[in-house]
Amino acid sequence: MTVWRKLWCRHLLAVSLLFYFLLHTMDVHARPANMSKSPASKDDNEILPADHLNGVKMEMDGHLNKDFHQEVFLGKEIEEFEEDSEPRRNRKKLIDIFTKVDFNKDKSVSAKEMQRWIMEKTEEHFQEAMIENKNSFRAVDPDRDGHVTWDEYRVKFLASKGFNEKEIVEKIKNNEDLKLDEETQEVLESLKDRWFQADNPPADQLLNEQEFLSFLHPEHSRGMLKYMVKEIVRDLDQDGDKRLTLSEFISLPVGTVENQQAQDIDDDWVRERKTEFEDVIDLDRDGIVTMDELEEYMDPMNEHNALNEAKQMIAVADENQNHNLELDEILKYSEYFTGSKLMDYARNVHEEF
């Protein structure tokens, strides 16, 4: 079981104890008396690989990306559609997007047009990640030599977790035990493995800016995408054959179903993953998902996947069953495409368009 799976299990336990924590007084700052720690800043956290990757169908921990449809439809504009935004303003933005997706201006969106749009929006996420990576790389490359050693990164990582940076530097310099708590040590070991995977041959144990991008965003590198797939399969594969059966793919995270609400969540988990396994990932319909199939599924720049996604998205809102998407359909199903529900979606559609 990888560290990411372990952390997910701990997260489940924390949720189940939520009400206990609310009803009892506790010192939230209590921690093992190892090294001194201080609050990590938001900027520091940007040097850590994220579990969630925009425009990728699965999270690093093997969960399905619940926001995938919105991410590949809205691109970098996804943050503009907030739940509490004024509906009329969101409607205007959605109409504007529709006119851009409708490349041939026939007032309907075909699967090919949607595919083209998805590829453009995915490229936006890629460009955004590259810009963010430049800033992150500068943060971990203090001597500005264009390369980052594992120790340089390790110092910045621990500082981002609240450890005293000067203490860490001194201990590493003197080859002293860092006396880390168990959870931090587990994450650090996992990051080290990932770090050396991102070190392209010939391996020099240094990462340049492009390699560091692959370290933070494995979707930018075919080799790191393979590594990500192996990690996910290792978490879910129960019999060690390096393939996934349906039962393995839909297996619930470790935890106990204690009430009906939790049971409903578990039922949704099984239903969604079963559909994704059978209809999308298992390309040859043999009931087994190989690493190659999972890699194809997770590749954000796979044009065949983009076309299938386009057809799926259209099918959700295609009420007149003409295999195209009209403006009134996309407005009616705005919550699916944008995450924001538009009130009175049909009102004044034609005059605004």
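I started with what counts as a patch: residues with over 30% relative accessible area and no salt bridge, where like charges are joined within 9 Å and nonpolar side chains (Val, Leu, Ile, Met, Phe, Trp, Tyr) within 5 Å. This is a predicted model, in which local features need pLDDT of at least 70 and side-chain atom pairs count only at pLDDT 80 or more, while totals for chains, interfaces and linings use all residues. Residues are numbered from 1 along each chain as its sequence is written, and side-chain values use heavy atoms, with hydrogens and water left out.

**Entry: a charged patch**

I looked for surface charge and found a negative patch made of Glu79, Glu80, Glu128 and Glu132. For charge, Lys and Arg count as positive and Asp and Glu as negative, with His and the chain ends not counted. I noted that each charge is placed at NZ of Lys, CZ of Arg, CG of Asp or CD of Glu. The areas come from the Shrake-Rupley method with a 1.4 Å probe, and for residues only the protein chains shown count as cover.

I then checked Glu79, which sits in the loop between α4 (68–74) and α5 (87–101). Helices here are DSSP runs (H or I, at least four residues), as strands are (E, at least two), numbered from the N terminus. Is Glu79 buried or exposed? Glu79 counts as exposed because its relative accessibility is 67%; the classes are buried under 20% relative accessible area, exposed over 50%, and partly exposed in between (1.4 Å probe, protein chains only).

**Entry: the nonpolar core**

Next I looked up the largest nonpolar core, which has 27 residues. Such a core is a set of buried Ala, Val, Leu, Ile, Met, Phe, Trp, Tyr and Cys residues joined through side-chain atoms within 4.5 Å. I listed the residues with the most contacts inside this core: Phe73, Met114, Leu325, Ile330 and Phe337. At least two core residues come from each of α4, α5, α6 (111–140), α15 (303–317) and α16 (327–332). Helix α15 gives the largest share, 6 residues.

**Entry: salt bridges**

How many salt bridges does the structure hold? I found 19, each being a side-chain nitrogen of Lys or Arg within 4 Å of a carboxyl oxygen of Asp or Glu.

I looked at Lys66 and Glu272, whose side chains meet at 2.0 Å, N to O. This pair links distant parts of the chain, 206 residues apart: Lys66 is in the loop between α3 (42–45) and α4, and Glu272 is in helix α13 (residues 260–281). Lys66 is exposed at 57% relative accessibility, and Glu272 is partly exposed at 36%.

My next pair was Lys121 and Glu124, bridged at 2.6 Å, N to O. Both lie in helix α6, 3 residues apart, about one turn of the helix. Lys121 counts as buried because its relative accessibility is 5%.

I also checked Glu319 and Lys332, with the closest N and O atoms 3.0 Å apart. Glu319 is in the loop between α15 and α16, and Lys332 is in helix α16. Glu319 is partly exposed at 45%, as is Lys332 at 39%.

Last, I noted a network of salt bridges linking Arg222, Lys226, Glu295, Glu296 and Asp299.

Leu158 lies in helix α7 (residues 150–160) and is buried at 0% relative accessibility.
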